[in-house]
Amino acid sequence: MKDSIHPKYAPCEVSCACGNVFQTRSVKAQLKVDICSNCHPFYTGKHKVVDTAGRIERFNRKYAKAGTPAAK
């Protein structure tokens, strides 16, 4: 592997829009992100199901006719 072609990998400070700041390593000295593990719905458990145009109800009606447990 050639030494002169790779970027320098150094400590980096990451700041999130929610106010969380943490250290990692990157080729940049600072990173600004919109979402992190402290505010992401998957990690916080505050995930919301977005039902656009009644898709869940339409799914339940469709499979209720078949008598599957998905209609409950």
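Where is Asn20 found? Asn20 sits in the loop between strand 1 (10–16) and strand 2 (21–26).

## Basis

This is a predicted model: local features need pLDDT of at least 70, side-chain atom pairs count only at pLDDT 80 or more, and totals for chains, interfaces and linings use all residues. Residues are numbered from 1 along each chain as its sequence is written, and side-chain values use heavy atoms, with hydrogens and water left out.

## The hairpin

Strand 1 and strand 2 form a hairpin with four residues between them. Strands are DSSP runs (E, at least two residues) and helices are too (H or I, at least four), numbered from the N terminus. The two strands run antiparallel, joined by six bridges; strands pair if DSSP finds at least two bridges between them. Glu13 stands opposite Gln23 in strand 2. In the turn, Gly19 has a positive phi of about 105°.

## Asn20

Asn20 is buried, at 18% relative accessible area (buried is under 20%, exposed over 50%, partly exposed in between; 1.4 Å probe, protein chains only). Leaving aside neighbours within four places in sequence, Asn20 contacts Val14, Ser15, Cys36 and Asn38 (heavy atoms within 4.5 Å).

## The aromatic pair

The structure holds one aromatic pair. Phe59 and Tyr63 form this tilted pair, 4.7 Å centre to centre with 50° between the planes. Rings of Phe, Tyr and Trp (its six-membered ring) pair if their centres lie within 6.5 Å; planes under 30 degrees apart are stacked, over 60 edge-to-face, the rest tilted.

Phe59 and Tyr63 are four residues apart in helix 2 (residues 55–64), so about one helical turn separates them. Phe59 is partly exposed at 40%. Tyr63 is partly exposed at 32%.
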